[in-house]
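Colleague: I would like to go through this model feature by feature. Please give the general idea each time, then the case at hand.

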Amino acid sequence: MPSQPLPSKIINELPPIIGEHIDAINAHDPDRIMNTFAVDAYVNDDRREIWGADAIRKLIDNEFIKFKVTMDVREIVDHYGDIVVTAKYDGTYDLPGEVVMSNYFSIRDGKIVGLSIILNQPSPY
């Protein structure tokens with residue numbers, strides 16, 4: 001496991017809104033998923049910037065729901081209140097091998113206001 005900067009700490013429990021978000025994804029429930037986002041939230045998925053509830057809903061319907069995406073949480077890190085969730089993704093899409101991505105959540109007033117989903121590479125440092 002890579003070393004984390006001191007202000008970061010591995011935690012054992014997801015914040016409630018992130019837990020609900022992942023449960024809703026695993027249940028393939030687009031309304032529940034959307035309920036976890038602020039109206040003006042953004043998602044950066046695969047280097048695509050998706051801003052606002054209407055655009056996020058299209059992403060959820062066309063990729064997460066269509067391909068029955070599920071997330072299996074591997075690690076949770078709290079970094080100054082932002083939460084990084086490493087999860088194995090699965091679904092009916094056709095990708096070779098195991099897909100493990102980092103999910104960077106920003107939470108304000110009990111809603112997700114920012115989410116970046118990144119397929120990271122190991123650091124050489």
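Modeller: We go from the overall fold to single residues.

Modeller: This is a predicted model, in which local features need pLDDT of at least 70 and side-chain atom pairs count only at pLDDT 80 or more, while totals for chains, interfaces and linings use all residues. Residues are numbered from 1 along each chain as its sequence is written, and side-chain values use heavy atoms, with hydrogens and water left out.

Colleague: How many helices and strands does the protein have?

Modeller: Helices (H or I, at least four residues) and strands (E, at least two) are DSSP runs, numbered from the N terminus. The protein has three helices and seven strands, and their order from the N terminus is β-α-α-β-β-α-β-β-β-β. The radius of gyration, taken over C-alpha atoms, is compared with a globule rule of 2.2 Å times the number of residues to the power 0.38. For the protein it is 14 Å, close to the 14 Å that the rule gives for 125 residues, so the protein is as compact as a globular protein of that length. Along the principal axes, its C-alpha atoms fill a box of roughly 40 × 35 × 25 Å.

Colleague: What percentage of the 125 residues is buried?

Modeller: Buried means under 20% relative accessible area, exposed over 50%, and partly exposed in between (1.4 Å probe, protein chains only). Here buried residues make up 37% of the 125.

Colleague: What share of the contacts joins residues 24 or more positions apart?

Modeller: A contact means heavy atoms within 4.5 Å. Among the contacts with a separation of 6 or more, 45% are between residues 24 or more positions apart. Asp40 belongs to strand 2 and is exposed, at 60% relative accessibility.

Colleague: Is Ser102 buried or exposed?

Modeller: Ser102, in strand 6 (residues 99-108), is buried, with a relative accessible area of 11%. Leaving aside neighbours within four places in sequence, Ser102 is in contact with Val84, Val85, Thr86, Ser116, Ile117, Ile118 and Asn120.

Colleague: Which side chain does Ser102 join through a polar contact?

Modeller: A polar contact is a pair of N or O atoms within 3.5 Å; within protein, one must be able to donate a hydrogen and the other to accept it, and residues adjacent in sequence count only if both atoms are side-chain atoms. The side chain of Ser102 makes such a contact, of 2.9 Å, with that of Asn120.

Colleague: And where is Ser8 found?

Modeller: Ser8 is in strand 1 (residues 8-10) and is buried, with a relative accessible area of 11%. Its side chain has a polar contact of 2.5 Å with the side chain of His79. Beyond its neighbours within four places in sequence, Ser8 is in contact with Val77, Asp78 and His79.

Colleague: Which loop holds Asp46?

Modeller: Asp46 lies in the loop between strand 2 (37-45) and strand 3 (48-51). Its phi is near 55 degrees, a positive value in a residue other than glycine, and Asp46 is exposed, with a relative accessible area of 53%. Arg47 is in the loop between strand 2 and strand 3. Arg47 is not a glycine, yet has a positive phi of about 65 degrees, and it counts as exposed at 76% relative accessibility.
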